[in-house]
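Q: Could we go through this structure together, one feature at a time, with the general idea given before each case?

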Amino acid sequence: MRLSRYFLPVLKETPSEAQIASHRLMLRAGMIKQQSAGIYSWLPLGFKVLSRIEQIVNEEQQRAGHIPLLMPTLQSADLWRESGRYDAYGDELLRVTDRHKRDMLYGPTNEEMITDIFRSNVNSYKDLPLTLYHIQWKFRDEIRPRFGVMRGREFLMKDGYNFDLTKDAALHAYNRHLVSYLRTYERMGLQAIPMRADSGPIGGDDTHEFLVLADTGESEVFYDSEITDLRFGNRHIDYDSVEECQAVLDEFTSRYARTDETHDEAAFAQIPEERRRTARGIEVGQIFYFGTKYSEPMGATVVGPDGQRTPVHMGSHGIGVSRLVGAIIEANHDDKGIIWPEGVTPFHVGIVNLKQGDASVDSACEALYRELTAQGMEVLYDDRDERAGAKFATMDLIGLPWRITVGPRGLQANKVELTSRRSGESEELSPADVVLRLGQIYQPVFDAAK
Ligand code: ATP
Ligand code: MG
């Protein structure tokens, strides 16, 4: 993409309404525009990041064997009356009436609808296990929408639902989700720690929230510092293997890590003092086993091997796709702007032309642009007739992890400059070597998608 033809409405001033870095930077970098409280347009740069996150989520869900579908945003109130949640959900539920005076709602989540799809189409235990998911906009009329896309009213969520014959099978689905989430967040350059969370009236310890540590997080968390040393990395997991998935869950949940809802002072005190941590975190996902809570009242049953009908065991599993954009920025920025992890960056590399209109500089930039694009990279080429300082400031603000600077002096020695946004360090390389180097840098990112 040539910057002269792109739509990147960056702001010079720091918007006063934004209280935290990610919100400020998303506004300044021209990623979003607020349309009303907690409701945003995603401008091209923001939309690109959102789409990358969505793609990673899709790839990892499908790797785990989960099947995508798409349910609507508007739902009939009748379904929610069946589960009892139409009244129970309260003011966060946006209720709508159509022209025939039928009660509808803008879905804040989809347990009822997916259960309805299941009961109308699945009859036998032979069709299980089954996990269906979608990535769809949700609406929750939050009392205090704030922090930009972190707590919106309209937000994009991946929500997946497993259907299993037995509790054990459903717990395997739970573990499968935990494993796939670990992979998902790491691909985004995030450490999201599974923490035991509140399961509400259902009881048990079958829910975990995934938290990204950040001072601006809304949740208070307590953990054993050893947990932050764990990495999922590039392991190959057989998602059908009960033992393998269980082993990952055991590894990642064996140390103390809880949100304030389930925090237990006595258990916390057992950890050696130097490893006890109290911090704040951003919830970027949650997994849940809830058994027959919806299948029973809604009649989602299958004929089991014994010929008897039984309600299926279910769980639901969410990832905050749009919140992740903010969470990633909270964890990756400095005073100049955003620093995108390579896995989610809107463009893999930026090219800064220091002397637009100089024939040799222009053609060197064009050649780099072509070669990098041919390698599967998305390139943002700043071909505007602007001062170098302004071009650097824009690149720093929008946070592309790598920048190539091309100027007449360097070119005389067949050199361009490759700069890391994260470390600030630069290297002089020939244009051919820059292409090679970036190919190596991004190889793991492209491999992770396979
Ligand atoms: P919270 O406690 O932050 O209100 P939640 O526990 O009610 O979230 P879930 O029902 O678990 O949310 O939804 C799954 C994921 O969707 C959450 O982990 C979070 O990342 C994201 N999410 C929830 N509410 C919002 C919101 N208002 N804006 C943006 N993302 C949200
Ligand atoms: Mg939650």
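Q: Which backbone oxygen does the side chain of Asn332 reach?
A: A polar contact is a pair of N or O atoms within 3.5 Å; within protein, one must be able to donate a hydrogen and the other to accept it, and residues adjacent in sequence count only if both atoms are side-chain atoms. In this case the side chain of Asn332 comes to 2.8 Å from the backbone oxygen of Ile328. Asn332 is placed in the loop between helix H10 (321-331) and strand E17 (333-334), where helices (H or I, at least four residues) and strands (E, at least two) are DSSP runs, numbered from the N terminus.

Q: What should I keep in mind about the model and its numbering?
A: This is a predicted model, in which local features need pLDDT of at least 70 and side-chain atom pairs count only at pLDDT 80 or more, while totals for chains, interfaces and linings use all residues. Side-chain values use heavy atoms, with hydrogens and water left out, residues are numbered from 1 along each chain as its sequence is written, and chains are lettered from A and ligands numbered from 1 in the order in which they are written.

Q: Is Asn332 buried or exposed?
A: Buried means under 20% relative accessible area, exposed over 50%, and partly exposed in between (1.4 Å probe, protein chains only). Asn332 has a relative accessibility of 7%, and therefore counts as buried.

Q: How many residues surround ligand 1, and which are the closest?
A: A residue is near a molecule if one of its heavy atoms lies within 4 Å of it. For ligand 1 there are 14 such residues, and the closest are Arg140, Glu142, Arg151, Gly152 and Glu283. The largest share of this shell, 4 residues, is supplied by strand E13.

Q: Which atoms make polar contacts with ligand 1?
A: A polar side-chain atom of Arg151 is 2.7 Å from an oxygen atom of ligand 1, and a backbone N or O atom of Gly152 is 2.8 Å from a nitrogen atom of the ligand. The side chain of Gln286 has an N or O atom 3.1 Å from an oxygen atom of ligand 1.

Q: Are Lys101 and Phe147 buried or exposed?
A: Lys101 counts as exposed because its relative accessibility is 67%, whereas Phe147 is buried, with a relative accessible area of 11%.
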